[in-house]
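Here is a short report on a two-chain model. It covers the interface, the annotated spans, a helix pair and the nonpolar core.

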Amino acid sequence: MNASPLTLAVFAGVIALTLGITFWAGRRNTGAGDHYVAGGRLTGSQNGLAITGDLVSAAAFLGTVGLFATQGVSSYFYIVGPFVAFVILLTVLAEPLRNLGRFTMADVVAGRFRSRGVRASMAVNSLLVTIFYMIAQLVAAGALISLLLGVDYAVAVLVVGVLMTAYIAIGGMLATTWIQIVQAVMLLGCMALLVVLILARFGFDPMAMFAAAADSGAKDLFTSPSGLLPGLDLLSLAIAVGLGTAALPHILIRFLTVPDGREARRSMNYALVWIGLSFAAVPVIGYGAVALLGQEAITDAAASGNLATLQVSDLLGGPVLFALVAAVAFAVILATVSGLVIAGSGALAHDLYSSILRRGRATEREQVVAGRAASVAVSLVAIAVSLGAQNTNISVLGVLAVVVAASANIPVLVLLLFWKRLTSAGVIWGIASGVGSAVLLILVGPQVLGDGALFPLTYPSLASVPIGFLGCWLGSVLGGRRHRDDQSSFEEMQVRAALGVTTSGGEAPVDRTTP
Amino acid sequence: MVQSGRSESPPHVPDLVAAAQAMTRRRLRFALPLCLVSFGGFMLVTALSGFSDVLDAPVVGPLTWLFLLLTLGFPLVGVCAVLYRRRAEQWDEERAEVLRAVRSTS
């Protein structure tokens, strides 16, 4: 596919806009707080839109629409799962995370445990999840952009890679946030336009559209396969896409960009509205594409159905709408990967370099330089792996990221907040067992070994999440003396999590990692 | 309610701990049913769909129970968010009251 001048012009416009935001943010990106969490000064409405930009990725805009067009209602689990899991994030995690954390997820855990091992294990976990997810996004971006613009895959990956590195190295979290806000507004507008145009073809009668999709000769799009193994696989998928998506580090650190717990809660309320509207549009566009184009035309263009959104745009609005939707898809990719770079670079620079290697003695200037250097390093690793992974099944990496996030982060965060007997050994064992079991079970599962799989589930979260909890418990019970992770640290953490102040009455959060 | 402190600690520390623990308990008592209804309901629909075909029957036109129940997740989450927001505003006031009381005695 060769891009029209119009498509190229709109892509250039997106690049110019995002770079303009980056240089504007770069002038305000002076301290560590600015770089990692935009100074913690964002409002709930801004952060809510940015969370929308972070979460509603190209996977939802292109991938899940394609899944609806090719597999039907089974795809609904991919969007309803994360959405309902956000109730847990809103009601249980958002405010305590804001009150405990400073720049990264490891800061949240360090709010209770002084051990540098705890910080290191959480940082490595965040780094792994982020890089797995970033590679999956970059490979998908490279394939999509090379298809849309007719450029080489490597050129596409390098363009996205260089842009995402520049956004973070120059503009930090402030640039990321505003790029995500702009992307979210563009995405919401684009999806609303597509829904209106699709429904207009059916006299604004959604039932007529669904009936047309059902009568289009496509396979049954409104039922899901059942049985023992499909049932276990579906349950496991629901846990992974639900809890895993809600536990991704680049989503969780967004709560650290607002001034207090109240704004963290408001962020989630705004995000739920915008994400709900975006996700509710996905089945309409997916079934609409089948009704208007037929399933065969969609799978002929791409077996995965990833081009269904673009095909239906071309049909409904010609080259102008096609160019617009392609540009929005490009902006979505850029926004998502920039959120991942800031999360990964924070784990590397703030946790591993400033807090552990420099024992918290790095100056403000050194922290900013380290943050910028780390964003370049994290991006280079992701770009290098992505360049060699063109023919890799990217779903393995995507699955790995969400399953590891669910298996390591959820047990640790829940027990950190609510289990008094959790110790630093418990946190380390929990992270190690969650990450280890998730990686191992994916490596011996159907995603990698196909028909010869030793473990039957595609998403192993049904086993790996309980293993993560078990690891936390075993580490706490068997992991030796509890030294400084005593009752008082739990009580201090409770005060900070619930009230947003320290037990001495000062403002939370504080860093308790042993220097 | 702010309680009196122990003599070996700064006077306001146990007050804050007790207030934080009470607030955490109240929050959890409210949050757990919401999580159970939303995420638990989603897992129930997932299990019913995965292990049986009871949700495959068409209800309205081609739309099956599975499609409708999953769609119901959107308004359900909206209701949970509104209920939580209202209750959380009360907790904000309680928190401010606790902090005022503690700071006035420290």
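The sections below take these topics in turn.

This is a predicted model.

**Interface.** Chain B meets chain A through 48 residues of chain B and 42 residues of chain A. On the chain B side, the elements giving two or more residues are helix H1 (13–51), strand S2 (63–64) and helix H2 (65–105). H1(B) gives the most, with 20 residues. By class, the chain B side holds 29 nonpolar, 13 polar and six charged residues.

**Annotated spans.** An unreviewed UniProt entry places the annotation "transmembrane region" on residues 30–51 and 63–84 of chain B. The annotation comes from that record. The model supplies the geometry of each span, listed here.

**A helix pair in chain A.** Two packed helices are described by the angle between their axes and the distance between the axes. Helix H3 (residues 44–55) of chain A packs on helix H8 (residues 153–200) of chain A at an angle of about 75°. Their axes are 7 Å apart. Angles of 65 to 115 degrees count as roughly perpendicular, so H3(A) and H8(A) are roughly perpendicular to each other. From H3(A), the contact uses Gln46(A), Leu49(A), Ala50(A), Thr52(A), Gly53(A) and Asp54(A). H8(A) answers with Thr177(A), Gln180(A), Ile181(A), Gln183(A) and Ala184(A). The contact of H3(A) with H8(A) has four nonpolar, six polar and one charged residues.

**Val195(A).** Helix H8 of chain A also holds Val195(A). Is Val195(A) buried, exposed or partly exposed? Val195(A) has 18 C-beta neighbours inside 10 Å, and therefore counts as partly exposed. Burial would take 20 or more. Setting aside residues up to four places away in sequence, Val195(A) touches Ala281(A), Val284(A) and Ile285(A). Val92(A) lies 103 residues from Val195(A) along the chain, and their C-alpha atoms are separated by 34 Å.

**Nonpolar core.** The largest nonpolar core has 227 residues. Which residues have the most contacts inside the core? They are Phe86(A), Val87(A) and Ala329(A). Helix H14 (residues 308–357) of chain A provides the largest share of this core, 27 residues. Beyond its neighbours within four places in sequence, Ala329(A) is in contact with Ala58(A), Phe61(A), Leu62(A) and Leu144(A).

Technical notes. Residues numbered from 1 in each chain as written. Chains lettered and ligands numbered in written order. Predicted model: local features only at pLDDT ≥ 70, side-chain atom pairs only at ≥ 80, totals over all residues. Contact = placed C-beta atoms within 7 Å. Helix = DSSP H or I, 4+ residues; strand = E, 2+ residues; numbered from the N terminus. Nonpolar A, V, L, I, M, F, W, Y, C, P; charged D, E, K, R; others polar. UniProt positions renumbered as here; feature names shortened; annotations may be inferred. Axes fitted to C-alpha atoms, helices over the stretch in contact; angles between N-to-C directions. Parallel < 35°, antiparallel > 145°, perpendicular 65-115°, else oblique. Core = buried A, V, L, I, M, F, W, Y, C linked by C-beta atoms within 7 Å. Buried ≥ 20, exposed ≤ 12 C-beta atoms within 10 Å, placed from the backbone.
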